[in-house]
Amino acid sequence: MKKDLSNIKKSEFYLNKNECVGIPTETVYGLAANAYSNEATAKIFKLKKRSKKNPLIVHYYSIKDLKRDCEINSNFEKLYKIFCPGPITFVLKLKKKSKISKNVTNMKRTLAVRFPKHYLARKLLKNISYPLAAPSANISSKVSAVCRSDVAEEFGNKVKYILDGGTSKIGLESTIVSLINKPEILRLGGIELSKIKKVFKNKINFKIKSTKTVVPGQGALHYSPGIKIRLNARNPKIHEAFILIKKRKINVKNYFYLTKNNNLKEAGKNLYKTLRMIKKLKYKSISVEKIPNIGIGQTINDRLIRASKK
Ligand code: TXA
Ligand code: MG
């Protein structure tokens, strides 16, 4: 990965001017702006063509910074100790005196917050005096971006600057846990569900259904490459792109491996990159080999099911 510390200053320059900047995180790239600024956060919605009703995740450097805006609780502390910084987002109560822009929360009294692990994101957050609102750096409902060029492809020169931090290590968005009442998983993500369940000795609500809207941005049709997707396929139909996770004896040019040896973490990292590539190659339909619904496989399946909705 390219060490690009000099470009942190450039990112700060644009963020301080209330502009949006593409930032690398270990999950996916974010389209970041000053979370305290109405002007800056309004630009995120415009660039992404995102519904104003869909609240944003805010990124922090430390708990000390977070406490300016949110009430924390013991469940938060438990999870923070184990998983942060890392691919987990917490929904917490917003403090009355918080300066978070009303655009970020859609006027609600809760806030989704996260502590990204990527060293450039952390360096940037440490240097600035405000947290960063940052949804995934893609046009709404499309495939998330996992490297600098993906972000450029989505927004062209409409985004003032993109901080290059190489390819996102995880390649799937963060796991979202609401801690407002009893812990509840709102979105599967970069942390395996079983690991979070273990922390709460299985006493955690989890009621995600692929087509049910649990949170505004989790409705059907999401993460979509804009191509028909067929799941649990044994063999591709002619002219289809075939996504695989196990090496096959014959090698055909329409085969796209997420991993060759069933390594689901590797498959997760390569998912969005592969969907993007297939789209560029102008395939009209995609079939996907059955992916075991365990570990990160659950997150991959969640994304594929949403991506396959018409
Ligand atoms: O890994 C990630 O989480 C990436 C990186 C950039 O941090 N961000 C990301 O943001 O995936 P976005 O906006 O694409 O997805 C955030 C999801 C949306 O579905 C949104 O509705 C939900 O989080 N969300 C935001 N604030 C919420 C809140 N207060 N309560 C419940 N859900 C919330
Ligand atoms: Mg997104």
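Trainee: Is Met107 buried or exposed?
Mentor: Met107 is exposed, at a relative accessible area of 61%. Buried means under 20%, exposed over 50%, and partly exposed in between, with a 1.4 Å probe and protein chains only.
Trainee: Where does Met107 lie?
Mentor: Met107 is in the loop between α5 (102-105) and β6. Helices (H or I, at least four residues) and strands (E, at least two) are DSSP runs, numbered from the N terminus. Phi of Met107 is positive, about 65°, though Met107 is not a glycine.
Trainee: And what should I know about the model itself?
Mentor: This is a predicted model: local features need pLDDT of at least 70, side-chain atom pairs count only at pLDDT 80 or more, and totals for chains, interfaces and linings use all residues. Residues are numbered from 1 along each chain as its sequence is written, chains are lettered from A and ligands numbered from 1 in the order written, and side-chain values use heavy atoms, without hydrogens and water.
Trainee: Back to phi. What is phi of Asn18 near?
Mentor: Near 65°, a positive value in a residue other than glycine. Asn18 sits in the loop between α1 (6-16) and β1 (21-23). Asn18 counts as buried, at 16% relative accessibility.
Trainee: Which peptide bond is cis?
Mentor: The one from Cys84 to Pro85 is cis, with omega near -10°. Pro85 is in the loop between α4 (74-83) and β5 (88-94). Most peptide bonds are trans.
Trainee: New topic. Which residues come nearest to ligand 1?
Mentor: Thr27, Asn54, His59, Ser136 and Ser174, out of 26 residues around ligand 1. Near means that a heavy atom of the residue lies within 4 Å.
Trainee: Which polar side-chain atoms lie 2.5 Å from an oxygen atom of ligand 1?
Mentor: One belongs to Asn54, and another to Ser174. The cut-off for a polar contact is a pair of N or O atoms within 3.5 Å.
Trainee: Which strand gives the most to the shell around ligand 1?
Mentor: β6 does, with three residues.
Trainee: What about the largest nonpolar core? How many residues does it have?
Mentor: It has 60 residues, and Phe90 is among those with the most contacts inside it. A nonpolar core is a set of buried Ala, Val, Leu, Ile, Met, Phe, Trp, Tyr and Cys residues joined through side-chain atoms within 4.5 Å.
Trainee: What does Phe90 touch?
Mentor: Its partners include Phe76, Leu79, Leu111 and Val177, not counting residues up to four places away in sequence. Contact means heavy atoms within 4.5 Å.

Key: A polar contact is a pair of N or O atoms within 3.5 Å; within protein, one must be able to donate a hydrogen and the other to accept it, and residues adjacent in sequence count only if both atoms are side-chain atoms.
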